[in-house]
Amino acid sequence: MSSDPGEDNDFFAHTPGPSGWHDLSGHLRAVGSSSSTLASKFGGSEAGLVLGLTHDLAKAAPGFQAYLHDCANGRKGKTCRHATPSAVAVQELLGPLALAVVGHHAGIPDMYEWRSKADNADPDSVDAAKRYWKSLGSNVETPKSPSWVKGRLDLEMFVRMTFSCLVDADYLDTEAHFKPEVGSMRAHYPRMVEYLQKLNTRLSSFDPSKNKVNAIRAEIQDACRGAAKCGKGAFRLTVPTGGGKTLSGLAFGLDHAVLHGMDRVIFAIPYTSIIDQTAAIYKSIFGGEAVLEHHSGIEFDDQDEEQGETEAFRKLNSENWDCPLVVTTTVQLFESLLHNKPSRCRKLHNIANSVLILDEVQSLPPKTLKPILDVLHQLVENYGCTVVLCTATQLDYSSIDARLVQNATEIVPDYERHFDLLKRVQYEVVEEAWSVEQAAQEISTHRKVLAVFNTRKDALRIAGEVAKSRKVVHLSTLMCSHHRKKVIDDVRLLLENQEPVCLISTQVVEAGVDFDFPIVYRDLGPLDRIIQVAGRCNREGILDDLGRCIVFQLEGAGAPRGVYASAISETKVLLNEFKDRLDDPEALKIFSRNVLGHTNVGEDIQKLREDLKYKTVAETFRLIDQETVPVVVENYPFVEVSELIASWKDQPFGWFKGIAPLTVNVYWHELRNLEKNRLVRPHESGVWIYDGGYDEVFGITGDIRDSADLIV
């Protein structure tokens with residue numbers, strides 16, 4: 001092979017790596033083969049092959065080869081775009097799959113945008129791509145779609161999933177060229193049966209005779225293991241708070257995956273606090289390297305088709321979920337499933353043939369339910385998945401999309417009995433609104449107490465008042481996850497040692513965190529949120545009497561707008577009738593029916609999907625109303641963050657994953673204000689570095705809004 005591109009009619013895909021130049025035909029064939037294999041799980045092998053073979057055809061253009069030559073010699077060459085000309089050259093062959101080729105760098109465009117791009121593609125690059133395709137000697141025919149691709153939504157999802165296969169195959173082959181040592185570090189995970197063996201070892205030490213709670217947990221676990229023998233499909237796991245669903249759900253997932261030869265178990269969790277906790281539990285069983293914890297908001301995609309080292313590092317650090325056990329966030333999962341950017345979509349094909357367990361499913365925002373339920377239905381029907389809807393407060397979604405829910409198998413058929421047996425809390429509703437001083441006085445009188453507020457501003461108002469008389473502990477999403485995990489561990493230790501502790505928190509604590517307080521306070525919020533907070537009270541059932549969950553209204557309190565505010569209004573209506581039994585299933589039915597009945601559940605997004613408007617869908621679909629961006633906290637007092645920032649190019653891959661626990665999400669307009677005040681700066685890795693104040697108790701200081709309890 002020649003040393004420079006263009007000589008002896010050689011064409012190259014990338015600048016030299018350790019073994020020299022990256023041959024273009026070899027790259028296309030390798031990506032085609034890999035993409036075909038990845039897509040074969042859902043009947044897309046033909047489409048995967050064609051996408052791989054055609055995605056970089058226009059790199060054969062003289063302009064692109066000259067660009068590579070300039071880059072290899074340290075010169076900043078003129079970028080020669082290749083994605084659109086490659087798609088145009090074979091658009092009759094590709095059909096709608098052309099969207100995947102044109103978007104494999106900058107993201108899948110809307111259909112009408114692709115047509116505009118095609119009309120304006122560089123004719124010289126298109127001609128070069130056509131000639132190169134002919135010279136490859138390929139007798140490839142138009143790929144056939146699977147038989148189940150019948151409607152527009154089926155097609156939309158199929159293009160999205162084959163796009164994922166193309167991107168992952170492209171990134172992996174590029175990684176093998178530039179960093180061959182990284183490939184040898186991938187895919188060395190235990191077999192699924194080995195995960196199951198280790199879980200069985202852990203569960204064998206469980207003593208169901210210890211107390212009533214353990215006995216019920218054992219029943220739930222047995223029900224999960226029995227249901228795992230059923231065929232693939234949709235399931236509901238309704239378990240009261242403290243019923244042990246973290247390990248029981250995992251037992252179902254691993255049993256089911258081993259029985260049906262499935263590739264992985266994916267836990268999707270909405271709350272930042274729970275993902276840290278759940279991942280820690282699983283890592284203690286299987287080891288840290290055997291569990292992929294993915295909740296970083298740090299995602300990068302080039303808007304231009306650049307070749308530089310920095311761009312390569314960013315791409316290769318994107319996550320492809322090749323691990324058999326993934327713990328992620330609901331936002332990361334669904335905003336990836338409905339995104340258009342390569343690094344966000346890269347992992348999607350690995351969801352196929354997986355067990356997908358959605359924890360705290362009641363927290364899914366109503367405004368996104370229609371597309372979410374449709375995507376879940378597609379995963380079950382067409383991509384070999386099993387979906388488990390898991391919660392202590394199961395809501396009725398059948399009025400939105402009955403296909404998934406009505407056919408779902410209840411894993412624990414007699415779950416109502418478990419709720420009765422595990423009643424550990426008495427609800428109390430305060431009639432009159434409390435001032436900040438009254439609320440602080442009430443809260444501070446208790447030796448061990450948790451108080452939860454709708455906004456960080458209100459939590460800080462109360463915390464400041466309580467702090468005048470006693471020590472306060474705080475949790476919010478303006479603390480990085482490393483800090484939150486540290487606080488959660490500290491609070492657990494104080495509770496176990498019977499030490500006094502007063503925790504003032506935002507919504508980040510109200511589900512899944514294994515706290516056991518004798519008394520909890522909740523500023524008036526949505527009914528399902530109140531019930532979740534009550535789950536942090538008398539969790540182990542060890543009090544002589546029932547625990548107390550006190551619901552009150554704080555004077556001048558704030559709350560998130562939109563559906564959250566509507567849910568509070570619906571809760572107020574129910575307080576009189578159900579004041580001492582707020583967790584009555586009938587109350588939840590009325591609550592969910594009324595909230596969902598007055599909400600746009602995402603019909604507009606479904607129409608965009610039918611029109612193949614991938615870019616617009618990605619911009620429209622948001623589980624959080626306003627988009628946030630992660631900033632790395634340089635002045636975090638418990639870790640040498642500056643050293644980690646400086647090491648970003650020294651690690652072969654995984655740097656973004658390592659830095660993620662040291663980030664805080666802020667809204668974009670706040671980022672601009674921070675930038676204006678010189679409190680953030682861009683880093684060459686693409687992250688923003690925050691070097692402003694950070695309090696050891698409250699996190700980021702200043703007038704920054706809490707981004708609620710969900711993360712990107």
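# Strands, helices and cores

Visitor: Strands S3 and S9 are joined by two bridges in the parallel sense. What makes that a pairing?

Guide: Two strands count as paired if DSSP finds at least two bridges between them. S3 and S9 have two bridges, so they meet that condition. Within the pair, phenylalanine 235 stands opposite threonine 409 in S9.

Visitor: What kind of model is this, and how are its residues numbered?

Guide: The model is predicted, with local features needing pLDDT of at least 70 and side-chain atom pairs counting only at pLDDT 80 or more, while totals for chains, interfaces and linings use all residues. Residues are numbered from 1 along each chain as its sequence is written, and side-chain values use heavy atoms, leaving out hydrogens and water.

Visitor: What do the labels S and H stand for?

Guide: They are DSSP runs numbered from the N terminus: helices (H or I) have at least four residues and strands (E) at least two.

Visitor: Which sheet do S3 and S9 belong to?

Guide: An open sheet of seven strands, in the order S5-S6-S4-S7-S8-S3-S9 and with parallel pairing. Strand S5 (292–294) and strand S9 (409–410) each have a single partner strand, so one side of each has no neighbour in the sheet, and these two are the edges.

Visitor: Which strands pair with S8?

Guide: Strand S3 (residues 234–238) pairs with S8 over five bridges, in the parallel sense. Leucine 237 stands opposite cysteine 390 in S8. Strand S7 (residues 354–358) also runs parallel to S8, joined to it by four bridges. There, valine 355 has threonine 386 as its bridge partner, and isoleucine 357 has valine 388.

Visitor: Why is strand S8 called mostly covered?

Guide: A residue is buried under 20% relative accessible area, exposed over 50%, and partly exposed in between (1.4 Å probe, protein chains only). Six of the six residues of S8 (residues 386–391) are buried. Both faces are involved: Thr386, Val388 and Cys390 lie on one side, Val387, Leu389 and Thr391 on the other. In a regular strand the side chains alternate between the two faces of the sheet.

Visitor: What makes S7 largely enclosed?

Guide: Five of its five residues are buried, so the rest of the structure largely encloses S7. Ser354, Leu356 and Leu358 point one way and Val355 and Ile357 the other.

Visitor: Why is the unit of S7, helix H18 and S8 given a handedness?

Guide: The handedness describes the crossover: with the strands pointing away from the viewer, it is right-handed if the path from the first strand over the helix to the second runs clockwise. S7, helix H18 (residues 369–382) and S8 make a right-handed β-α-β unit.

Visitor: What makes a group of residues a nonpolar core?

Guide: The members must be buried Ala, Val, Leu, Ile, Met, Phe, Trp, Tyr or Cys residues joined through side-chain atoms within 4.5 Å. The largest such core has 201 residues, and those with the most contacts inside it include Phe286, Leu358 and Phe515. H9 supplies the largest share, 11 residues. Apart from this core lies another, of 21 residues, among them Trp434 and Val436.

Visitor: How do you know that the span of helix H1 agrees with its number of residues?

Guide: The expected span is 1.5 Å times one less than the number of residues. For the 16 residues of H1 (residues 24–39) that gives 22 Å, and the end C-alpha atoms are 22 Å apart, so the two agree.

Visitor: Why are the buried residues of H1 said to line one face?

Guide: Viewed down the helix axis, they fall within an arc of 165°, so they share one face. The arc is taken over the directions from the axis to the C-beta atoms. Among these buried residues are Leu24, Leu28, Val31 and Ser35. Their cover includes strand S1 (12–17), helix H2 (45–54) and helix H9 (152–178).

How values were computed. Contact means heavy atoms within 4.5 Å.
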